[in-house]
Each structure stands twice: as structure tokens, then as C-alpha cells.
Amino acid sequence: MSGKAETTVWPKLILFGDSQFQRSFADGSGLGAIIADKLQRRCDVVNRGFSGYNTNLAKLILPQVFTKENLENVAGMVIMLGSNDAALKEDFKLNQHVPLVEYRKNLEDIVSYLTAHGLPKERIILVSPPPIDHDTWNVVCATELGRAFERANIDQYAHAVYEVAKAQGTLFGDLYERMTTGRDWKSDLSDGIHLGRGGAAVFVNVLWPIVERLVKPYPQVYPTWNDTDFRNPLLLPYVHQ
């Protein structure tokens, strides 16, 4: 055998956001795991969720997390932020509040950074944050954290995502509208703010048609086991239709 084998590199679908994505492979939600399962042997799902982060912090870490090199071979990037930005403004260290105008500008800056570093806007999916059950969330925070971390006007933040996506020419998934239209959406949340299994199912229903179009050029790589002659296997990374 001569020469060096070329490494097979799968395209990536990146999830970038807050705890909605950091927790997305956990039992309570599983939305990341559902998407990864749908993309087996076609795309790697890369989870870049940062619990508690708002758009200020997300924008701050962009140069360390996303470079031109690791934005190569990206089938798509899903961005969902806003659940923390919608915190009420308070004067204490952990206040996550970002004013609506600044939130919109941060999203624009994030999109601009990514496109300037080689990711086409047509591969960026902005997703509106889910609704918030304030009563349940406040009880959970008081019990687990010793104080309330109140949110307000999440509907306005969700609409701002739509406005940014339209102005910037990115793709858009309206999770907020899908969850709040004709559904008992409070049962879709695990603790008043994070997506539970019901919310994860809605998220996938919103996102998957968009992702499916993006990954259409990337069919399964390598043959399935029942397409293989085990007596004389030739496992080249061909595209298996």
C-alpha cells in the first residue's frame, strides 16, 4: 500500500447560542441529538451553546470561537439568542439585560462577522427565541438560585430576529410564532424558559425543512454495510445516493 490516505472530512452544522443549545443533547430537551440523528454520516453537528450568555457575550467570543479556518466546510450555522437578553434591567453583577436596539445591532454584527470570515449569509439561520412562562421561571430561579431572574417582552426580541434576518438576507426560523400559535406552549418548556421535549419537537419541525435544503448537496458518505462486499471491501468515501 503506497501513499498517504486522504482524511475524510464531513461538513458541519453549527449550533451557536445560549443554554437552549448547551443543553440540547441532554435528556430534558434533546433537540441537538434529534438533528444529529437526522444527519448521521452526512454532517457533523457542532454544539457551541454557552449557558447564560446574551448577545453581548456571544459577540465578544466570536474571534476565539469562529475563525476562517473553522468556518470552512460549514453546511449551515443556526443562531438562537435572546432568552437572556430579555432579562429585566437591574443593577447587579449577573444582570443579562441587553436593550432591544442593542440586541438587534449585536445580531447584525454577529452576521457581519461570520460573512466577513467566509460563511455565506445564505448558510446562516437566525431563529427567534421561544416564549417564556414567567411564573414558572421565577419559581425555579427562586428555588435554585435564591432570587428571581425575570424576563420581559420576549415577543419583541423574537420579532427583532425576524427584522435582522430580513435586512441581512439570512435564513429565518420563527420558533416563537410556531410555539405560540394554537398550542399550549407552556407545556413545551421544561422550567418556564428552556425547551423541553415538546419544545424541542417544535424546534426541529421549524428548523429541519431549512436544514434539509442546506444539506441536500451532502448525501451519506461511505457505503452502508449491506451495500458492501465483505469478501473484497472497497470503502472509498463515495457519495451513496
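1. Let me start with Arg-48, which counts as partly exposed because its relative accessibility is 34%. Do keep in mind that this is a predicted model. Arg-48 sits in strand E2, spanning residues 44–49.

2. Which residues does Arg-48 touch, once neighbours within four places in sequence are set aside? Its contacts are Ile-14, Leu-15, Phe-16, Gly-17, Val-65 and Phe-66. Phe-21 is 27 residues from Arg-48 in sequence, with a C-alpha to C-alpha separation of 7.2 Å.

3. Now to the cores. The largest nonpolar core comprises 36 residues, and Phe-16, Phe-66, Met-77, Ile-79, Ile-110, Leu-114 and Leu-126 have the most contacts inside it. Among the elements giving two or more residues to this core are strands E1 (12–17), E3 (74–80) and E4 (124–127), along with helices H3 (55–65) and H4 (100–116). A second, separate core holds 29 residues, including Leu-15, Cys-43, Leu-195 and Ala-200.

4. Met-77 deserves a look of its own. Beyond its neighbours within four places in sequence, Met-77 is in contact with residues including Leu-13, Phe-16, Phe-66, Leu-114 and Ile-125.

5. Finally, a helix pair. The axes of H2 (residues 31–38) and H8 (residues 197–214) come within 9 Å and cross at roughly 40 degrees, so the two helices are oblique to each other. The crossing of H2 past H8 is right-handed. On the H2 side, Leu-31, Ile-34, Ile-35 and Lys-38 make the contact, while H8 supplies Ala-200, Phe-203, Val-204, Leu-207 and Trp-208. Sorted by class, this contact of H2 with H8 has 8 nonpolar residues, 1 charged residue and no polar ones.

Terms used:
Residues are numbered from 1 along each chain as its sequence is written. This is a predicted model: local features need pLDDT of at least 70, side-chain atom pairs count only at pLDDT 80 or more; totals for chains, interfaces and linings use all residues. Side-chain values use heavy atoms; hydrogens and water are left out. Helices (H or I, at least four residues) and strands (E, at least two) are DSSP runs, numbered from the N terminus. Buried means under 20% relative accessible area, exposed over 50%, partly exposed in between (1.4 Å probe, protein chains only). Contact means heavy atoms within 4.5 Å. Axes are lines fitted to C-alpha atoms, for helices over the stretch in contact, and angles run from 0 to 180 degrees between N-to-C directions. Angles under 35 degrees count as roughly parallel, over 145 as roughly antiparallel, 65 to 115 as roughly perpendicular and the rest as oblique. A crossing is left-handed if the near helix is turned anticlockwise from the far one by less than a right angle, and right-handed if clockwise. Ala, Val, Leu, Ile, Met, Phe, Trp, Tyr, Cys and Pro count as nonpolar, Asp, Glu, Lys and Arg as charged, and the others, Gly among them, as polar. A nonpolar core is a set of buried Ala, Val, Leu, Ile, Met, Phe, Trp, Tyr and Cys residues joined through side-chain atoms within 4.5 Å.
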